[in-house]
Amino acid sequence: MHGPEILIPILVVGMLFIGLPWLIFHYVTKWKSQATITTEDENLLDELHELARRLDERMVTIERIVQADNPNWRALTGDPVESALEDRSERLYESERTSNRPARRN
Amino acid sequence: MTGLRTKFYLDRQNKKWLGVCAGIADYTGVDVTVVRLGFVLGTVFGSGTMLLAYWIIAWLAPKKPSELYDTDPAQKKFWQSVRASPRRAGRDVRARFRDIDRRLADVETYVTSSNNRLAREIEQLR
């Protein structure tokens with residue numbers, strides 16, 4: 001091996017043992033400095049996820065009960081604002097009626 | 001300091017050799033066969049650099065703790081989405097809470113506005 005040929009092994013060894021680890025660790029550090037979450041964040045997220053799942057299950061149960069009670073209950077919910085207003089006035093009227101009556105609580 | 005479930009681990013239970021490919025698949029949610037194929041092709045065409053990378057990963061990464069193995073598929077998918085983007089996973093959870101809120105509002109509206117059974121029962125109590 002003479003001349004430029006002697007450079008090839010040096011170059012290859014340099015690339016393999018310096019260039020490649022450099023590249024790998026460059027990306028490892030870059031990847032580590034990215035937005036990671038702490039243990040507390042992780043626990044919080046786990047709890048919220050679990051809570052959402054349980055609430056979802058309960059909601060499905062309640063919807064099934066209501067469905068069994070009245071199959072087309074969704075049509076009755078109608079416009080939420082309107083029905084809420086209607087409902088409120090009714091409740092107000094009822095509360096007036098009950099408050100006018102003499103209290104008969106034990 | 002990252003959390004226990006958002007770390008990269010070697011998956012020793014689904015391993016073929018050292019569990020690196022199975023670990024990557026478990027971490028990202030990519031199919032394990034695709035990851036293995038990528039490593040094999042990388043080794044063939046990259047004249048062994050992928051093999052070196054494989055060894056380095058196997059040497060650096062910790063083994064997966066045994067208590068993290070028994071998570072169900074839905075849980076696994078959720079944590080994969082957290083690893084991909086914690087912010088988006090958080091937004092997803094918020095969206096689910098909003099969905100529950102909306103459905104609960106529907107049921108509430110129905111129960112309070114329909115004066116059938118409830119009203120009858122209130123009448124009976126008087």
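**Burial in chain A.** I began with how much of chain A is buried, and found that buried residues make up 4% of its 106 residues. I keep in mind that this is a predicted model.

**Elements of chain A.** I counted 4 helices and 0 strands in chain A. Read from the N terminus, the order is α-α-α-α.

**Helix α1 of chain A.** I looked up residues 7-32, which form α1(A), a helix of 26 residues. From its first C-alpha to its last, α1(A) reaches 36 Å, close to the 38 Å expected at 1.5 Å a residue. Where does α1(A) bend? I found a bend of about 35° at A:Met15. I then checked the cover over α1(A) and noted that the helix is hardly covered, with a count of buried residues of 0.

**Confidence in chain A.** I read an average pLDDT of 75 for chain A, with 67% of the residues at 70 or above. Which helix of chain A has the lowest confidence, and which the highest? The lowest mean, 49, belongs to α4(A), and the highest, 90, to α2(A). I marked two stretches of chain A where pLDDT stays under 50. Over residues 82-91 the model has 8 contacts beyond four places in sequence. Where pLDDT is low, the predicted coordinates should not be read in detail.

**Where the chains touch.** I looked up the contacts between the chains: 27 residues of chain A meet 28 residues of chain B. On the chain A side, α1, α2 (39-69), α3 (73-77) and α4 (80-100) each supply at least two residues. The largest share of that side comes from α2(A), with 13 residues. I sorted the chain A residues that touch chain B by type and got 15 nonpolar, 6 polar and 6 charged.

**Nonpolar cores.** I listed the largest nonpolar core, which has 8 residues: B:Leu10, B:Val20, B:Cys21, B:Ala22, B:Ile24, B:Tyr27, B:Phe39 and B:Ile57. Helix α1 of chain B (residues 20-28) gives the most to this core, namely 5 residues. Apart from that core I found another, of 6 residues, including A:Leu45, B:Phe78, B:Ala89 and B:Val93.

**Helix α5 of chain B.** I checked the span of α5(B), residues 86-113. Its 28 residues should span 40 Å at 1.5 Å a residue, and the end C-alpha atoms are 40 Å apart, so the two agree. Which residues of α5(B) are buried? I noted B:Ala89, B:Val93, B:Thr109 and B:Tyr110.

**B:Asp31.** I located B:Asp31 in the loop between α1 and α2 (32-45) of chain B. Is B:Asp31 buried or exposed? B:Asp31 counts as exposed because it has 10 C-beta neighbours inside 10 Å, and the cut-off for exposed is 12 or fewer. From its C-alpha to that of B:Cys21, 10 residues apart along the chain, I read 9.6 Å.

**B:Leu60.** I placed B:Leu60 in helix α3 of chain B, residues 49-60. Why does B:Leu60 count as exposed? B:Leu60 has 11 C-beta neighbours inside 10 Å, and therefore counts as exposed. B:Leu60 and B:Tyr9 are 51 residues apart along the chain, while their C-alpha atoms are separated by 9.6 Å.

Key
Residues numbered from 1 in each chain as written. Chains lettered and ligands numbered in written order. Predicted model: local features only at pLDDT ≥ 70, side-chain atom pairs only at ≥ 80, totals over all residues. Expected span 1.5 Å × (residues − 1). Bend = angle between axes of the 7 residues up to and from the residue. Buried ≥ 20, exposed ≤ 12 C-beta atoms within 10 Å, placed from the backbone. Core = buried A, V, L, I, M, F, W, Y, C linked by C-beta atoms within 7 Å. Contact = placed C-beta atoms within 7 Å. Nonpolar A, V, L, I, M, F, W, Y, C, P; charged D, E, K, R; others polar. pLDDT = per-residue confidence, 0-100.
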